[in-house]
Amino acid sequence: SRIKCTAEISEPFFIKVGVHQGSVLNLIVFNITINFLAATLMNKLLISVLFTDDLGLVDEDVTKIQEIFNRWKTTLEENGLKISEPEYLFLPFSDPDAPSPDIMINSKVMAKCKSFKYLESVINKTGLCDKDVNQMISIG
């Protein structure tokens with residue numbers, strides 16, 4: 001490969017891992033790999049969502065989510081992939097004031113977030129839709 005800038009083209013170099021950035025093959029290989037790995041892990045939860053490089057695990061039992069997450073992490077690592085800076089959102093629908101339980105990764109507490117964007121919708125801990133409505137208006 002070479003890198004092309006405005007003024008010059010770099011010296012050639014070999015890519016030793018993966019496929020070229022921006023290649024359609026990149027998406028195909030990723031989707032085949034993730035779908036294969038997900039087949040055995042995702043059927044144990046109430047809801048599981050895969051989109052691009054995002055993973056959503058939903059269940060009423062935090063212990064089950066921790067178990068499935070640990071299995072995901074192990075399975076990915078055994079197949080040459082890794083999880084980068086994960087964070088999670090706890091949605092206590094029956095008790096909005098319930099404290100967020102800890103989910104662990106590599107013996108550390110995983111970062112917690114108050115909202116996240118999924119397929120252009122904003123999902124947040126409060127359950128209110130103000131941020132989502134504002135997001136949709138700004139897109140339009």
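This is a predicted model: local features need pLDDT of at least 70, side-chain atom pairs count only at pLDDT 80 or more; totals for chains, interfaces and linings use all residues.

User: What is the mean pLDDT of the protein, and which elements have the lowest and the highest mean?

Analyst: The mean pLDDT (the predictor's confidence in each residue, from 0 to 100) is 78, and 86% of the residues reach 70 or more. Among the elements, strand S1 (residues 47-51) has the lowest mean, 67. The highest mean, 90, belongs to strand S5 (residues 108-109).

User: What makes up the secondary structure?

Analyst: There are three helices and eight strands. Both kinds of element are DSSP runs numbered from the N terminus: helices are H or I with at least four residues, strands are E with at least two. Along the sequence the pattern reads α-β-β-α-β-β-β-β-β-β-α.

User: Which residues touch the most other members of the largest nonpolar core?

Analyst: They are Leu57, Phe69, Trp72, Leu76, Ile103 and Met110, in a core of 14 residues. H1 and helix H2 (62-78) are the elements that give two or more residues to this core, and H2 supplies the largest share, five residues. A nonpolar core is a set of buried Ala, Val, Leu, Ile, Met, Phe, Trp, Tyr and Cys residues joined through side-chain atoms within 4.5 Å.

User: Is Val122 buried or exposed, and where is its place?

Analyst: Val122 has 15% relative accessibility, so it counts as buried. Its place is in strand S8 (residues 121-124). The C-alpha atoms of Val122 and Asn134, twelve residues apart along the chain, are separated by 9.2 Å.

User: What makes Arg71 and Glu67 a salt bridge?

Analyst: A salt bridge is a side-chain nitrogen of Lys or Arg within 4 Å of a carboxyl oxygen of Asp or Glu. For Arg71 and Glu67 the N to O distance is 3.9 Å, and the pair is a salt bridge. Because they are four residues apart in helix H2, about one helical turn separates them. Arg71 is partly exposed at 30% relative accessibility, and Glu67 is partly exposed at 41%.

User: How many salt bridges does the whole structure hold?

Analyst: A search finds three salt bridges. Another of them joins Glu77 and Lys73, whose closest N and O atoms are 2.8 Å apart. Glu77 and Lys73 are likewise four residues apart in helix H2, about one helical turn. Glu77, at 43% relative accessible area, is partly exposed, whereas Lys73, at 13%, is buried.

User: Why does the pair Lys112 and Asp102 tie together parts that are ten residues apart in sequence?

Analyst: Their side chains meet in a salt bridge of 2.9 Å, N to O. Lys112 lies in strand S6 (residues 111-112) and Asp102 in the loop between strand S3 (87-88) and strand S4 (104-105), so the bridge ties together parts ten residues apart in sequence. Lys112 is partly exposed at 41%, as is Asp102 at 43%.

User: How many disulfides does the structure hold?

Analyst: The structure holds zero disulfides. A disulfide is counted when a pair of cysteine sulfur atoms lies within 2.5 Å. Cys5 is partly exposed at 48% relative accessible area, whereas Cys113, at 15%, is buried.

User: Why is Ile32 called exposed?

Analyst: Its relative accessible area is 55%, and therefore Ile32 is exposed. Ile32 has its place in helix H1 (residues 24-41).

How values were computed: Residues are numbered from 1 along each chain as its sequence is written. Side-chain values use heavy atoms; hydrogens and water are left out. Buried means under 20% relative accessible area, exposed over 50%, partly exposed in between (1.4 Å probe, protein chains only).
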